[in-house]
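Q: Hi! I'm new to this one and would like a friendly tour. Could you show it to me?

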Amino acid sequence: MIGRRITHRIADGVRIPGTWRHAFIRNGTYFLTDLFIYADGLIDCWGLVTLEEFEEKLRTGWVATTLPEGAEASAHHLATWKFGEPRSRLTPELVIAEVRDTIDQLNERPDSTGRCLAAVDVFLADRTEENRAAAEAAFLAVPASRRRYALGDMDSKDWPLRVLVAGPGGRTYLPGDPPVSQESYDRALAYFEERAHWRRKHGERVPADGPAVPHAPAIQLYESYPNKPVTDPGHRGLRNDYPAPITVGEVLHPSVAHAYWALSVAQPEVSSEITAADTAAAARRLAAAAPRREGWEHSRAAVMTGLLRAKYDQHPELAEILLATGDATLIYDDVESAFWGDNAGRGRNWTGRLLELVRSELHLRRNGIPGL
């Protein structure tokens, strides 16, 4: 149940999606902290560990599911307290089952709930005792903490599901439930028939902007310091400091970076010095020492958009490299700027985002969409 708790980490230039949940870590005293779970099966509980290593931390109580009476606890330097009449619904087995489900969800694979509902569909299509028993086993394999939400129905909860898989005369997993009557079983069947009807109706809906597509692997545009153009620059050719001269107005700039810094300064003579700088790094240093144009921070994204358009219009060979990235997320490193660079997830990645915009415009032109 990831909900809106979305995060990620960067591994080898690729964003690994993740989520988090609260947990108690027992390290002398008890600490309420966040447990980060990632799609590649690694879990961060004060250090990245594999799923097997995480199970060991649960087994030894370092990730705590038992909270002793009177034990000291704290939460992110916000408060400290002692447990009084603590009650925990978790067990190590339940936590690891929930974490396994979460990893499946992050990878868009069927989790235990998905496997259960698939087994129920098989039973509803062919109502043999063998298929009912398989559906019941799949239902009981769903962590007990998540069975109530298996149908996504906050009114009925899991009542139709537990009645259906128990069968007439059977007992559900809840001790307080009476034996399943034929009437209850028929009501559960009717529930699933109506549910199937609405699922079919929903499946017939076509998203207005087309079906969702899986994410292409992200492309990291690492820092590079090219001195001259090369025959096959690859992704280095997408860097703003790559020596691809562009003409802006009547001025020829050695690179996008030169043009950007030349346009950023208020004094024309400094702008000319920047354009003439030997390297993009030297152009940046000259600009940093000069006064900025008034309101530059509010217009710089529009300036960069225009410069990127000029670069890929004036260098078709580099436009082909950009187009070849498909719909991948472009992650741009810029150690000097958290605005332009992603910088391991700490920056805003505006260069990467604008490259994706220009890429889309190139596709638009290539596909000849009329009226634009």
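A: Happy to! Let's begin with a rule for helices: the expected span of a helix is 1.5 Å times one less than its number of residues. Keep in mind that this is a predicted model.

Q: OK, how many residues does helix H7 have, and what span should they have?
A: Helix H7 covers residues 182–203, which is 22 residues, so at 1.5 Å a residue it should span 32 Å. Its end C-alpha atoms are 31 Å apart, which agrees.

Q: Which residues of H7 are buried?
A: They are Ser184, Tyr185, Ala188, Leu189, Tyr191, Phe192 and Arg195. Looking down the axis of H7, you find these buried residues within an arc of 155°, so they line one face of the helix.

Q: And what sits on the face turned away from the buried side of H7?
A: That face carries the exposed residues Glu183, Trp198 and Arg200.

Q: What covers the buried residues of H7?
A: Helix H3 (112–125) and helix H6 (159–166) are included in that cover.

Q: Switching topic: where is Arg132?
A: Arg132 is in helix H4, residues 129–140.

Q: Is it buried or exposed there?
A: Arg132 has a relative accessible area of 13%. Buried means under 20%, so Arg132 is buried.

Q: What does the side chain of Arg132 make a polar contact with?
A: With the side chain of Glu129, at 2.5 Å. Leaving aside neighbours within four places in sequence, Arg132 is also in contact with Phe123, Leu164, Val165, Ala166 and Gly167.

Q: Now the loops. What is the phi of Glu85?
A: Phi of Glu85 is near 50°, a positive value in a residue other than glycine. Glu85 lies in the loop between strand S8 (79–82) and helix H2 (92–106).

Q: Is Glu85 buried or exposed?
A: Glu85 is exposed, with 68% relative accessible area.

Q: And what about the phi of Lys157?
A: Lys157 has a positive phi too, near 55°, and is likewise a residue other than glycine. You'll find Lys157 in the loop between helix H5 (144–147) and H6. With a relative accessibility of 23%, Lys157 counts as partly exposed.

Note on methods: Residues are numbered from 1 along each chain as its sequence is written. This is a predicted model: local features need pLDDT of at least 70, side-chain atom pairs count only at pLDDT 80 or more; totals for chains, interfaces and linings use all residues. Side-chain values use heavy atoms; hydrogens and water are left out. Helices (H or I, at least four residues) and strands (E, at least two) are DSSP runs, numbered from the N terminus. Buried means under 20% relative accessible area, exposed over 50%, partly exposed in between (1.4 Å probe, protein chains only). The arc is that of the directions from the helix axis to the C-beta atoms. Contact means heavy atoms within 4.5 Å. A polar contact is a pair of N or O atoms within 3.5 Å; within protein, one must be able to donate a hydrogen and the other to accept it, and residues adjacent in sequence count only if both atoms are side-chain atoms.
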